[in-house]
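Good morning, and thank you for coming.

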Amino acid sequence: MAEAAGGGRPLPEDLIIWEILTRLPAKPVRRCRAVCRSWRRCLTSDAKFLLAHHRRQPSFPLVTTSDEKERRIDALDHRTGERRPVARTDRTTATEDLDVLASCDGLLILISYGGLYICNPTTRQLAPLPLFNVNCISGLYPHPPSGSYRVLCCVNTDGHAVYHVHTVGSGDLRCIGEPLEPWASGDVVEMMPMMEFLQPHVLAGGRLYWHPLKLPVGGSGKVNNMLVFDTVAESFRHVLSPVEGPCIELFEINGTLGLYNYRGSSSTADLWVLQNNERWVWSFKHRIKLQAMAFSVVPDTNGDMIVLSKKGQKPGLRWQYLQHISGTDGSSLRRYEWNVFLKLKKLRFKESLVRHSFFSMEGNNDGGVDEKPLFEGLSTVAVPLDDNYDPHACSEESMLAKSFAGVSLSF
């Protein structure tokens, strides 16, 4: 098996499985199960292989779209210019909305068919979430001490935000109390569902981070404007972000929290990284000069950025550019044509073949496939390249300003 050209020595099976197959997308891995019985056992039920495969898969931002025929959720592969299908509903048979509310470890919480579901699009498994009278989903996260996955959700109780924890696969909804002010009452509680839909919380290092709020400055001149939830201790605290502004984007980078501060007036984006989440030390890494003013900035997991900007001189905002900006040198090798009806989400998806007990294990495809047709008729869609784009035209302007790198602030 796997002999080199000319009848050379075959590659060791361990090398093929752990260094090659773990890097393949899920679909080819499923096909490889037919090679032999040992591969089928390993690629189907070996927990170490399935976890190693998930860790090596790329993480892509999610995109939603809707037309007269269907509603779709896709994963945007900005390296190849493809929208990889995740879920869809046929508008001729479904009138309910289809959207994604949370994402973690290849699992998505979707709203569809009048209810909430947790699903694994890679294995096409689906299970209902028994969450009723919940105002908003605040996050989906693993709980290592118990080996379970949990959902943090908020219930508006007489104008107060009361948080509950649901263990996926159970019928429990356990109250853990109110957060700190101003997140516990007032206008923040009323706006929380919309805030969490537009700016989903970020899971990094076992903590959920809320997007910074603009709060009135007290006598000290510093206000703790970020709410943080410890997923193990199940406790809240609030901390100070390193910067303020209307265009701050949080993201997970190498197991910690990253923050991009986009300044539209100068078309620059500053990258900050949380170096220590016990003493809350932030480090300023670099500044990127963008080639055009952006409507939306979505950070990538390695510090790159996906930027949406207006397309040329055409009137209106219907047609835009989508550009992948390097977090290393500020360059962009590709730019895509983008339709404004495609909604770039701030949630990500990473393929996973890991098996979970809260899905039914009856039926086909090595797991339960629900009768809801969320995974029927899926197809890959190409994002057209901008053929007139010259990546070298503005290379000097897009270079990083490195003179500020290494600055650290402790709060």
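I begin with a term: two strands pair if DSSP finds at least two bridges between them. Strands (E, at least two residues) and helices (H or I, at least four) are DSSP runs, numbered from the N terminus.

What we have here is a predicted model, in which local features need pLDDT of at least 70, side-chain atom pairs count only at pLDDT 80 or more, and totals for chains, interfaces and linings use all residues. Residues are numbered from 1 along each chain as its sequence is written, and side-chain values use heavy atoms, with hydrogens and water left out.

Let us turn to strand β1, residues 60-66. Which residue of β2 is the bridge partner of Val 63? That partner is Asp 74. The strands β1 and β2 (residues 70-77) run antiparallel and are joined by five bridges, and a hairpin of three residues connects them. Val 63 also stands opposite Leu 344 in β24; β1 pairs with β24 (residues 343-349) in the antiparallel sense, over four bridges. Six of the seven residues of β1 are buried, where buried means under 20% relative accessible area, computed with a 1.4 Å probe on protein chains only.

Strand β24 returns in the second largest pocket, as one of the elements that each supply at least two lining residues. A pocket is an open set of points on a 1 Å grid over the protein atoms alone, with protein on both sides within 12 Å along at least five of seven lines; a cavity is a set where a 1.4 Å probe fits but cannot get out; lining residues have an atom within 4 Å of a point. Grid points are joined across faces, edges and corners, and a volume is the space filled by probe spheres set on the points. This pocket has a volume of about 710 Å³. Its lining has 30 residues, and Asp 99, Phe 197, Leu 198, Gln 199 and Lys 345 lie nearest the centre.

The whole structure holds two cavities of 30 Å³ or more. The second largest cavity has a volume of about 50 Å³, and its lining includes Leu 290, Val 307 and Gln 323.

Finally, confidence: pLDDT is the predictor's confidence in each residue, from 0 to 100. The chain has a mean of 84, with 85% of its residues at 70 or more. Over residues 361-369, however, the pLDDT is below 50. Where pLDDT is low, the predicted coordinates should not be read in detail.

Conventions:
Contact means heavy atoms within 4.5 Å. Buried means under 20% relative accessible area, exposed over 50%, partly exposed in between (1.4 Å probe, protein chains only).
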